[in-house]
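Please find my notes on this model below, as numbered points. They follow single residues first and then the chain as a whole.

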Amino acid sequence: MLANSLLLLVSATLAMASPCVRTSPTLPVNGGDKELPSPPAGATLQRIALGLGIQNYTCTAAGSEATATGALAMLYDITHLYPGAGRRALDADAWAGLSAKALNGHAVPLNLLADGTGADAQNPFTADAALQLDDLADLPFLGHHYFNAAGIPTFAISAGTFLGKKIDGINAPASADPGPDGTGAVTWLYLGDAGGSEGLKYTYRVLTAGGNSHGCKAAGKDSTSYATTYWFFS
């Protein structure tokens, strides 16, 4: 089970920058034939974020393969919810299901276009505010995820700014939540610095829910809601 995989150790023990964390968080594994590599020796975990937003795609024609064209997401600090982190920490099952809980239980916090082709290009993000998820205390706002003018995935959070490039990726496990659209969970990713990052060197996208393309029914743009956890390292 995915939740149980959280209890497995990867080869590196990760240091935790926040003094409130009593247990060093360990990257999840998905139990497949391949796992994402551990961060380099000496890398320090800065934040774990919940990302809630959309994956964007374009189609050249009906029946063509959708092309990924970026993503937009609001980011919320969930470092304190990691199992064993303190009095507000979740158990392993709740932690593993947090992305699915957010995706299926909360509206995407973006200014979405009515036709489902993305978000307002001039004002994509809603107001910076904490996220309320059912019985959880408010999740503090942490930052934004977007693709810059050069098409580079960018994360702007309190710990720094990260411009990423893909180092590795693996399919999400079969147990991952497919999202309300039933499209399936986007891949898990390991990103390195594409140049220009400040304060951050590596980012992981793991525990994904939803986000895959709806498929190409006609030429044009499309977007799919997704949620995930991002792990930021310096």
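1. Asp134 sits in the loop that runs between H3 and strand E4 (141-147). The model is a predicted one, and in it the phi angle of Asp134 is near 45°, a positive value in a residue other than glycine. Is Asp134 buried or exposed? Its relative accessible area is 53%, and the cut-off for exposed is over 50%, so Asp134 counts as exposed.

2. Leu207 also calls for a look at its backbone. Its phi is positive, about 55°, although Leu207 is not a glycine. Leu207 belongs to strand E8. With a relative accessible area of 2%, Leu207 is buried.

3. Which side chain does the side chain of Thr208 meet in a polar contact of 3.5 Å? The partner is Trp188. Leaving aside residues up to four places away in sequence, Thr208 touches Ala172, Ala176, Asp177, Ala185, Val186, Thr187, Trp188, Ala227 and Thr228.

4. Arg88 is found in the loop between E3 and H2. Its relative accessibility is 34%, which makes Arg88 partly exposed. The side chains of Arg88 and His80 are joined by a polar contact of 3.4 Å. When residues up to four places away in sequence are not counted, the residues that Arg88 touches are His80, Leu81, Ala137 and Asp138. Of these, Ala137 is 49 residues from Arg88 along the chain, and the C-alpha atoms of the two are separated by 8.5 Å.

5. How many disulfides does the structure hold? There is 1, formed by Cys59 and Cys216, with the sulfur atoms 2.0 Å apart. The two cysteines lie in distant parts of the chain, 157 residues apart: Cys59 is in strand E2 (residues 44-59), while Cys216 is in the loop between strand E8 (202-210) and strand E9 (220-233). The angle about the S-S bond is -85°, and the link of Cys59 and Cys216 is left-handed. Both Cys59 and Cys216 are buried.

6. The largest nonpolar core contains 42 residues, and Trp95 and Trp231 have the most contacts inside it. Which elements give two or more residues to this core? They are E2, strand E3 (67-77), helix H3 (98-105), strand E7 (188-193), E8 and E9. In soluble globular proteins, nonpolar side chains tend to be buried together.

7. H3 deserves a separate entry. Its buried residues are Leu98, Ser99, Ala100, Ala102 and Leu103. These buried residues of H3 pack against E2, helix H2 (92-96), E8 and E9.

8. For the overall fold, the chain has 3 helices and 9 strands. Read from the N terminus, the order of elements is α-β-β-β-α-α-β-β-β-β-β-β. The radius of gyration of the chain is 17 Å, close to the 17 Å given by the globule rule for 234 residues, so the chain is as compact as a globular protein of that length. The C-alpha trace spans about 50 × 40 × 35 Å along its principal axes.

9. Some totals for the chain remain. Buried residues account for 50% of the 234 residues. Of the contacts between residues at least 6 apart in sequence, 68% join residues at least 24 apart. The accessible surface of the chain is about 10400 Å², and carbon and sulfur atoms hold 51% of this surface.

Key:
Residues are numbered from 1 along each chain as its sequence is written. This is a predicted model: local features need pLDDT of at least 70, side-chain atom pairs count only at pLDDT 80 or more; totals for chains, interfaces and linings use all residues. Side-chain values use heavy atoms; hydrogens and water are left out. A disulfide is a pair of cysteine sulfur atoms within 2.5 Å. Helices (H or I, at least four residues) and strands (E, at least two) are DSSP runs, numbered from the N terminus. Buried means under 20% relative accessible area, exposed over 50%, partly exposed in between (1.4 Å probe, protein chains only). A polar contact is a pair of N or O atoms within 3.5 Å; within protein, one must be able to donate a hydrogen and the other to accept it, and residues adjacent in sequence count only if both atoms are side-chain atoms. Contact means heavy atoms within 4.5 Å. A nonpolar core is a set of buried Ala, Val, Leu, Ile, Met, Phe, Trp, Tyr and Cys residues joined through side-chain atoms within 4.5 Å. The radius of gyration is taken over C-alpha atoms; the globule rule is 2.2 Å times the number of residues to the power 0.38. Accessible areas come from the Shrake-Rupley method with a 1.4 Å probe; for residues, only the protein chains shown count as cover.
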